[in-house]
Amino acid sequence: MPIEDDMFEKLRVELRRGSLVLAVLGALREERYGYTLRTSLEEAGLPIDEGALYPLLRRLEAQGLLTSEWREEAKRNKRFYRLTSVGLTVLGQLLAEWNAISESILRLTQGDK
């Protein structure tokens, strides 16, 4: 892989990593268990490894943004996650911030049009 491709890939991963919290919170407006959350993120174009997803979920839960509970479904125990009311509020705030950042970047990269 040429150095430019390697550098781009590292920058791309960094950019995507910064958006995963927002994506996870947005996806958890509906209750999901880990596998379906991971699948929905992947289908939306944001694949995430289990090794990154579950620590992120634990951190968001510790911050009070998510709640989870174990339930049996199809004879298997699954941990279901959903936003708390605080998580929903934070999601709205982060979306507003994301939109402001996006607009600023577009202004900077497209110039005055």
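Setting aside neighbours within four places in sequence, Ala23 makes contact with Leu41 and Leu46. Welcome to this structure, which is a predicted model.

**Ala23**
- Ala23 sits in helix H1.
- Its relative accessibility is 17%, and because buried means under 20%, Ala23 counts as buried.
- Asp49 lies 26 residues from Ala23 in sequence, and the two are 14 Å apart in space, C-alpha to C-alpha.

**The largest nonpolar core**
- This core is made of 19 residues, and those with the most contacts inside it are Val24, Leu28, Leu37, Leu41, Leu57 and Leu66.
- Two or more core residues come from each of these elements: helix H1 (3-27), helix H2 (34-43), helix H3 (50-62) and strand S3 (76-83).
- H1 supplies the largest share of the core, with six residues.
- Leu37 touches Val24, Ala27, Leu28, Arg32, Leu53 and Leu57, if residues up to four places away in sequence are not counted.

**The sheet**
- Three strands, in the order S1-S3-S2, make up an open sheet with antiparallel pairing.
- Strand S1 (32-33) and strand S2 (66-73) are at the edges, and each has a single partner strand, so one side of each has no neighbour in the sheet.
- S1 and S3 run antiparallel and are joined by two bridges.
- Arg32 has Tyr81 in S3 as its bridge partner, and Arg32 is also one of the residues that Leu37 touches.

Definitions and conventions. Residues numbered from 1 in each chain as written. Predicted model: local features only at pLDDT ≥ 70, side-chain atom pairs only at ≥ 80, totals over all residues. Heavy atoms only, no water. Core = buried A, V, L, I, M, F, W, Y, C linked by side-chain atoms within 4.5 Å. Buried < 20%, exposed > 50% of the residue type's maximum accessible area, 1.4 Å probe, protein only. Helix = DSSP H or I, 4+ residues; strand = E, 2+ residues; numbered from the N terminus. Contact = heavy atoms within 4.5 Å. Pairing = 2+ DSSP bridges.
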